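Colleague: Could you take me through the aromatic rings here, looking closely at how they pair up and where they sit?

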Amino acid sequence: MNGSLRSALLVALVAAVSSCASSWDRAQSLDTPAAYHRFLREHPGSRHAAEARERIDYLRFRTEPSVEAFEAFQRAYPESVHVAELERLLEQAQFAVVRAAGSASAYRAFLERYPSGGHAAQVRGDLEHLLQNGFVERPEQLGDFLSRFPESEYAAEARRTVETLSVRDRTRIREVELVIDVDPSTPGPDELARQFAERAAEIYDASGVRLVAARPDAGSEPGSGTRLTIRHRERPIGTQLQGGLVSRGGILAKTAVTLQQGGADKPIWSRTFEFRGGALDPHPGRSLLFSARAQRYWASFFVPVATWSTDAAVRPAISLRQASVALATAGDRAIVLSRDGTFRVLNIADPANVEFVSEYVRPRDLTEWSGVHVWGRRIAIFGHDGAEIVALRPARPTLVRAFGREQVGSIRAAAAVDGVLLLGGNRGLFAVSDDGSSVTPLRAGPIHALARMGARILFVDDSAFHVSTLEALRAGQIAGSVRLGRVFGPARIRPSALGASLVANGSVTRLDVSNPAQPRIAGQLRAKHVGVVNDAVWIGGRMFLLGERGLQLLGPRGERVVDSADVRARMRVDATGRHLVAIEENHLQVIDATPLAAGPPAPAASPG
């Protein structure tokens, strides 16, 4: 080989080496899978080729970490310096997945893989809390839970519950001082004051709290006791323009009701009731509230009762991005549905710091949705336009099946039994198979409400409450029925170990289903005594009502209101663990039911 040829080859070799080095430097600078792929295409035989392939797999894993991808990387590059780093990244990714799932099975699987990982202590605590159902039956064990699992996601709320139980014991109300202040300019003030006093006495007699008239020399503040103040004024008003509408002049009656403990920064309860009447409504010498049209006022007026500072059990309301229409809970997850079918999954393990988990967004159309039901790892949404089944997958909720109105009609209620999803609506009762692939009609005729009680299925049609089983329904049979008055509008069945309650037409009907062949009406709670009720739920063996009078707790027999709490969210409520979750259009609120449902507070120590 002559000198000129050797020189040319040497120059070419140097150029190739230089080009390879330059390409490698560029790939490392960009540090993307695409850059390393380009390098391998241009220099497949480079000494950096193995490193480039490893870097591609490393970067892909960081983008989408999974158990399968980690095991593949470990097999391909057992000596890689990145194995330990990727294992830490995988643990973090898996922790995010199990937190999104929020289930005991997910927590167990995580601990099997990472028994001594960085998140193991928290996951063990979270798993224990879920297995104990939030210690709803054994709140006295929360202190031990805190000492064993201080890292748990539930620890902050557990501390609040322990403190709230202490507040309940410290603020026990045994006697309430009643102050009635009717403005002397009100026609017939004494007659109206007596009416207010009778209303208050009726409520407090049922609660077990003693109601006493305030002394004439009582000051404006309740002192060290508890005071119920009813303050009423009536005044003439002129013609007004509101919202583009002209209202004629007349008389405005306004009543402010406040329940407050001495020394407290804010009242336990505070409500204002108004009624506007015409100048000719009141009878001479009598308050406007005794006119014929004032029935609307008395239907809404109530006197709040509380046996302790129940406001301590109410967590601050959380603003929602969209107006809500329905709610469901599962473990520490709340699923909040909007009318357009969008739902958000929220982590409520710490009600003071509610976290967004995921969101299902439907294509924008004219469909309307009004209900949501948790079906294992799936969510069923339903309403005027049918039903849809959505899978809760790690990345995002995904539609798996839709049943249109032409197939199932307008759906009003859903329940799951033996792996089958039941849908009830204007065209009857339908069963959706476990895999969601088929839907079978079980019963014709309108269904207003539907619930599962163990293996039993409870449902309501236009005029009766029915008890059956899935097997019996498939055979066209009903175990037992009881006639009701006509049911219209939204209705809900709330089963419990003590029976079932039907919320319909603004009132509550208690049902005894101990004998499925002969269910019977055990009692009714009318609006006169509990106000208009929008929803009800059982927790800790006690029944809570949610409606225009806030949150009301019924006595052990479910016959009367014995306690209450003022809440902002008053439309829908569900129970999870020891908590109640309520919604009201753009707000969600969590209430700690423990101090309410756990029985009477400990008696105060005797003086001396």
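Modeller: Happy to! A word on terms first: a residue is buried when its relative accessible area is under 20%, exposed when over 50%, and partly exposed in between, using a 1.4 Å probe and protein chains only. This is a predicted model, where local features need pLDDT of at least 70, side-chain atom pairs count only at pLDDT 80 or more, and totals for chains, interfaces and linings use all residues. Residues are numbered from 1 along each chain as its sequence is written, and side-chain values use heavy atoms, with hydrogens and water left out.

Phe 110 and Tyr 114 are both buried. The structure holds 15 aromatic pairs, and Phe 110 with Tyr 114 is a tilted one, at 5.1 Å centre to centre and 45 degrees between the planes. Rings of Phe, Tyr and Trp (its six-membered ring) pair if their centres lie within 6.5 Å; planes under 30 degrees apart are stacked, over 60 edge-to-face, and the rest tilted.

Phe 196 and Phe 301 have ring centres 5.3 Å apart and planes at 45 degrees, so this pair is tilted. Because Phe 196 lies in helix α10 (residues 189-207) and Phe 301 in the loop between α11 (295-300) and β8 (318-319), the pair ties together parts 105 residues apart in sequence. Helices (H or I, at least four residues) and strands (E, at least two) are DSSP runs, numbered from the N terminus. Phe 196 counts as buried at 0% relative accessibility, and Phe 301 does at 1%. Ring pairs link Phe 196 and Phe 301 into a cluster with Trp 269, Phe 273, Tyr 297, Trp 298 and Phe 302.
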